[in-house]
Amino acid sequence: MRITLVATALLAALTACAPPGQSGSTGTQASGPIKIANINAQSGQLSSLGQWENKGVKLAIKEVNAAGGVNGRQIQLDLFDDQGDPTVGTNLARKIAAEGYIAMLGTAESAVTLAMAPILKDAKIPNITSGQSPKLAELKSPFLFLNAPTSVTFDETLAKYLVDEKGYKKIALISNNGAYGSGEHDAFLTSLKTRRVTPVADEVVTPDQKDFNANLAKIREQDPEVLFIGAEEVQSGLIAKQARELGLKAVIAGGAPIGTDVYATTAGLPNAEGSIVSSPYLSNEASDAIKAFAAKYKTEYNEDARMHVAKAYDGAMIMVEALRATGGEGGQKLADAIRAVKRDGLLGAYTYDEFGVGIHETKIGLVKDGKVVPEAAS
Amino acid sequence: MRWLLGIAAFAAAWLLPYALGGYSMHVVDVAIIFAVLAIGLGLTMGVAGQINLAQVAFFGVGAYAVAILTTGAGLGFWTASVLALVAAVVAGLLAGIPALRMQSHYLGIVTLGLALAFINWVTNAHVAGRAEGISDIPVPPMFGIDLSSAYLFYYVELIVFVVFLALALFVTHSPLGRRLRAMRDDDLAAGALGAEIPLLRMTAFVLSGLYGGVAGVLYAGLIRFVAPETFSIGNMFLLLAMVIIGGRSSIVGCVVGALALAFVREALLDVSAFAQLGYGVIVVLVVVFFPKGLAGLLSRRKAGGRARLGPFQEYGTAAADEGTVLEVEGVTKRFRGLVALEDITLSVPAGQIRGIVGPNGSGKTTLFNVVSGFYSPTRGRVRLHGRDVTNLAPYRLSLRGVARTFQNLRLFEDLSVRENVLLGLDRTRTAWIWRYLATPWAVARYSRGLNRSAEEIIARFGLQEVADAVPRALPYGIQRRVEIARAMAMSPSLLLLDEPAAGLNGEEVRQLAEIVRSIRGSGVTVVVIEHNMGLVMSLCDHVTVLSSGRVIADGPPDEVAVDPDVVAAYLGDSMAAPTESEVEHAEG
């Protein structure tokens with residue numbers, strides 16, 4: 001009994017004390033390496049995306065460090081695995097805040113970035129993400145920046161080309177219900193609606209589906225002029241292949257995945273021929289700057305570059321440029337500096353708006369022999 | 001001593017944030033949420049034995065309900081939380097419905113299906129934000145305390161956690177928890193002791209839903225974002241691993257397992273691909289080598305190896321009621337083509353010791369199963385004190401005063417002798433459980449009363465030395481005595497004994513006869529199935545002989561023994577009445 005009393009008294013005393021908390025801010029060290037965190041899925045379903053992003057970022061930081069770093073200071077880039085799980089993402093957001101990282105690059109999955117954004121905002125850590133979800137822009141977080149256009153831009157450009165320029169009216173949709181696929185689906189559907197076009201078919205599949213014959217057979221009954229695919233690279237390829245095997249003649253159109261070599265080889269070159277792509281990064285040969293980047297990437301990793309690595313590279317370079325402007329300082333200053341960056345990057349000209357979106361247009365390309373050529377040139 | 005440990009742990013937990021950095025604090029916050037989930041899973045799976053793989057979905061229902069109600073419907077955080085708890089409990093109820101019809105791995109498959117269906121729904125439904133989830137859940141308001149700080153939120157979590165841990169411990173150690181554990185070990189025997197099995201299974205799932213909902217609300221308040229990945233089957237496995245490693249039948253074990261695995265998971269963040277593999281290996285090793293988990297390593301039950309039975313203390317005599325206690329009228333029981341009982345009619349007057357004898361396979365145990373509600377008769381009626389009780393469930397019959405023992409002993413193996421007796425003593429309906437939340441002190445008082453009565457019964461049956469042992473550690477003769485004590489704890493008016501002398505030695509048989517006579521003397525009517533003819537002859541007032549499902553003789557023992565039909569039925573070709581040893585041999 002006496003023990004209980006003592007314990008109660010002790011607890012009461014404790015309650016009266018100041019609440020716990022992290023004392024003092026981690027602050028910005030004026031010397032030593034600048035710590036940047038790269039958070040990406042290295043395991044789980046979306047790890048291939050995460051690994052590409054990481055390679056792009058690493059290449060950029062390596063070049064910067066080789067050239068003397070930022071105002072004489074080296075950049076220390078550390079990789080963290082979010083496992084594609086938002087809960088793990090929030091843990092990592094607090095971890096990098098606690099360990100004194102002043103900036104973050106990643107993640108490739110919008111859901112994880114969405115979960116981390118409020119914490120990074122509170123910690124004043126600017127984040128350049130590879131996510132493309134319109135929801136990222138809707139957050140209007142002053143510390144969140146996208147290194148690519150949102151799905152809305154991809155699909156608005158595509159719809160404009162297909163409906164306004166080419167005059168197609170009978171359009172069928174097939175998309176998966178994952179984060180990327182459903183984003184594409186919604187954005188493209190909105191763009192069609194503003195043009196008063198109702199799709200003749202709207203099929204939804206799951207991200208791990210491999211056989212689409214039932215969905216495509218339904219689409220074939222409508223005999224569409226255009227088949228819009230909202231899915232990742234391999235699945236897009238499979239859909240295109242099975243569509244052609246069923247005798248579907250429609251023009252295939254879609255976002256960035258349609259422009260990749262993975263899509264073309266999965267579909268088969270003849271099946272992919274003539275597919276229409278909306279992407280800020282049409283191919284590794286699109287410009288001299290891109291050619292030089294693709295060559296560098298090939299020497300470094302012995303694999304072909306793609307949009308995912310290019311935009312991660314762009315994002316890292318924008319971060320470095322902003323750090324140069326602040327002299328290695330983070331926080332609000334760094335966020336303002338990122339917003340002020342005007343960079344002619346691999347994906348186009350970056351000018352950030354209040355939504356954190358830097359690129360506002362995509363280009364239309366056509367697949368020829370498994371390579372994308374700009375539409376104007378065809 | 002236990003209280004002291006608990007208080008010390010709580011004080012340490014209260015001081016903990018002063019020693020932690022911001023990130024570690026967040027990790028601890030997440031770990032506590034998993035601990036709450038693990039308690040819920042421990043209650044359903046470990047204590048009540050319901051394989052429940054939908055716990056992560058209840059968690060999701062709670063978190064998503066808060067998210068949708070605050071961001072979509074504009075409700076305040078705490079209002080939304082209350083509704084979220086209700087939603088999670090309803091989800092628990094719905095998931096529990098299949099458990100009424102199926103058990104073990106079938107139930108596992110069904111609940112897994114429900115969990116997948118939930119993930120599928122949130123990935124596709126616009127209202128749930130689809131694959132991108134729902135962000136911007138408001139910070140829970142709390143009288144000006146800023147709960148967006150992981151440090152201050154920790155205290156909210158700590159208090160909720162302690163309250164729900166206490167509730168779980170209270171439930172496990174209360175009469176309700178005892179019934180849940182009895183149901184896990186043997187649901188038929190639990191039913192015969194008055195446990196309402198369907199309601200208990202629903203209770204287990206409601207608890208599961210409640211704890212899932214609480215964890216979901218805490219998650220929504222802490223992370224302020226929900227997305228489908230958090231409630232994936234992968235995390236369900238992690239949760240399962242926490243409960244199995246910690247020790248599923250111990251609530252504290254579940255908590256320890258959950259905290260330990262949450263921290264290990266954090267430590268292995270950089271090698272997470274291999275960590276998954278690691279959990280798998282650890283779970284397999286634990287299941288194979290330590291089936292009771294970490295908790296099993298710490299607690300070892302006292303073995304009752306050399307324990308002896310004390311003497312039986314006779315009941316005081318009381319006059320039996322007048323009239324007929326049991327009437328069986330034209331009962332027929334068919335199993336597909338096989339006729340087990342055909343047109344059985346018998347009536348047992350109050351205060352009688354009735355013997356039921358007959359060769360193996362003559363339908364004696366089937367008759368008991370019909371009378372005690374395990375089987376519904378194909379035709380015919382059963383009356384108890386003149387009231388029709390045909391087709392009543394075992395627990396209803398038990399509550400009306402029918403107690404029974406089983407031919408092959410159905411003691412609850414993981415419960416001590418005392419707990420077995422307490423189960424018989426507990427005569428409350430499961431509908432009483434609202435008191436566990438509303439007036440726990442009344443439950444505690446009732447529970448103390450039960451304990452006193454249990455001591456009386458244990459003393460009466462001479463079980464003091466073995467009261468804390470588990471039945472399987474005891475010699476067969478003692479187990480038989482425990483089963484009778486458990487049946488008598490129910491204060492029955494009709495006691496059905498199914499071969500109570502099987503496996504007993506001569507001295508034990510003599511004691512048994514003494515006990516049964518004393519039971520009858522206290523006003524209880526006894527029906528006994530027995531092969532031991534010596535015992536039947538000396539003990540029973542009246543004997544009914546069954547053969548091939550029919551009554552072939554009915555009368556005082558000495559008349560029945562010389563009935564030519566009985567002799568023929570028993571012996572077929574040979575010409576002598578069976579001796580005790582022959583019968584036992586035939587049964588072996």
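Reply: In helix H11 of chain B, the buried residues are B:Ile251, B:Val252, B:Gly253, B:Cys254, B:Val255, B:Val256, B:Gly257, B:Ala258, B:Leu261, B:Ala262 and B:Arg265. Buried here stands for 20 or more other C-beta atoms, placed from the backbone, within 10 Å of a residue's own; exposed stands for 12 or fewer, and partly exposed for anything in between. The model is predicted, and local features need pLDDT of at least 70, side-chain atom pairs count only at pLDDT 80 or more, and totals for chains, interfaces and linings use all residues. Residues are numbered from 1 along each chain as its sequence is written, while chains are lettered from A and ligands numbered from 1 in written order.

Helix H11 of chain B runs over residues 251-267, and its 17 residues should span 24 Å at 1.5 Å a residue, which agrees with the 25 Å between its end C-alpha atoms. That expected span is 1.5 Å times one less than the number of residues. Helices are DSSP runs of H or I with at least four residues, strands are E runs of at least two, and both are numbered from the N terminus.

Now to where the chains meet: 34 residues from chain B and 35 residues from chain A make up the contact, a pair counting when C-beta atoms placed from the backbone lie within 7 Å. Helices H1 (2-15), H2 (22-47), H5 (104-124), H6 (150-173) and H12 (272-289) of chain B each give at least two residues to the side that touches chain A.

Across in chain A, there are 14 helices and 14 strands. The radius of gyration of chain A, taken over C-alpha atoms, is 23 Å, close to the 21 Å from the globule rule for 378 residues, so chain A is as compact as a globular protein of that length. The rule is 2.2 Å times the number of residues to the power 0.38. Buried residues account for 53% of the 378 residues in chain A.

One buried residue there is A:Asn284, with 22 other C-beta atoms within 10 Å. A:Asn284 sits in the loop between strand S10 (276-279) and helix H12 (288-301) of chain A. Leaving out residues up to four places away in sequence, A:Asn284 touches A:Ile290, A:Lys291, A:Ala294, A:Asp304 and A:Ala305. The C-alpha atom of A:Asn284 is 9.5 Å from that of A:Ala310, 26 residues apart along the chain.

Definitions and conventions: Contact = placed C-beta atoms within 7 Å.
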